[in-house]
Amino acid sequence: MKEWNRDEFSSFIENKSTGLVYFYTPLCGTCQVATRMLQVIEQMVDCKMGKMNLNFYPDFGKSYGIESVPCLMFIHDGQVVELLYAFRSVPYLIEKINENLT
């Protein structure tokens, strides 16, 4: 999954794109597990995905109401439709992707 910067995220929203943005911090153990799950999912589903280190973008946390990491942001047509904090399992995440992005 590609690491996004502020401009890439803004472009994704402005272009009314649909996909996922994964917010994490490198020292978070749960984030490391979530990252591995998303690497598997990336091979299984066809959707745009990016990740952002929330340490570098604390303003996004405030403006989007991100309460903790890991956080998976579902975006449909440039609008945030859900923030997910409990990743649970790969099948659960695929179900959530299908629910929110199709």
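## A walk through the fold

Let's start with the cysteines: there are zero disulfides here, counting a disulfide as a pair of cysteine sulfur atoms within 2.5 Å. Two cysteines to look at are Cys28 and Cys31. Cys28 is buried, with a relative accessible area of 14%, and Cys31 is buried too, at 1%. Buried here means under 20% relative accessible area, exposed means over 50%, and partly exposed is in between (1.4 Å probe, protein chains only).

A word on what you're looking at. This is a predicted model, in which local features need pLDDT of at least 70 and side-chain atom pairs count only at pLDDT 80 or more, while totals for chains, interfaces and linings use all residues. Residues are numbered from 1 along each chain as its sequence is written, and side-chain values use heavy atoms, with hydrogens and water left out.

Now the overall layout. The protein chain has four helices and five strands, and along the sequence they run β-α-β-α-β-α-β-β-α. Both kinds of element are DSSP runs numbered from the N terminus: helices are H or I with at least four residues, strands are E with at least two. The C-alpha trace spans about 30 × 30 × 20 Å along its principal axes. For 102 residues, a compact globule would have a radius of gyration near 13 Å, and the 12 Å of the protein chain agrees with that; the radius is taken over C-alpha atoms, and the globule rule is 2.2 Å times the number of residues to the power 0.38. Of the 102 residues, 46% count as buried. Among contacts (heavy atoms within 4.5 Å) between residues at least 6 apart in sequence, 65% join residues at least 24 apart.

Next, the sheet. The five strands form an open sheet in the order β1-β3-β2-β4-β5, with mixed pairing; two strands pair if DSSP finds at least two bridges between them. At the edges sit β1 (2–3) and β5 (79–84), each pairing on one side only. Follow β4 and you'll find an antiparallel partner in β2, over five bridges, and another in β5, also over five bridges. On the β5 side, His76 stands opposite Gln79. The hairpin of β4 and β5 has two residues between the strands, and there Asp77 takes a positive phi near 50 degrees. Five of the six residues of β4 are buried, so β4 is largely enclosed by the rest of the structure.

That brings us to the interior. Nonpolar side chains tend to be buried together in soluble globular proteins. A nonpolar core here is a set of buried Ala, Val, Leu, Ile, Met, Phe, Trp, Tyr and Cys residues joined through side-chain atoms within 4.5 Å. The largest has 20 residues, and Tyr22, Leu38, Ile41, Leu72, Phe87 and Leu93 have the most contacts inside it. Two or more of its residues come from each of β2 (19–24), α2 (29–44), β4 (71–76) and α4 (90–101). Apart from this core lies another, of 14 residues, including Phe9, Val21, Leu54 and Cys71.

Tyr22 is worth a stop: leaving aside residues up to four places away in sequence, its contacts include Cys31, Leu38, Leu72 and Phe87. Thr25 lies in the loop between β2 and α2, and counts as buried at 15% relative accessibility. With the sequence neighbours up to four places away left out, Thr25 touches Cys31, Asn53, Leu54, Asn55 and Val69.
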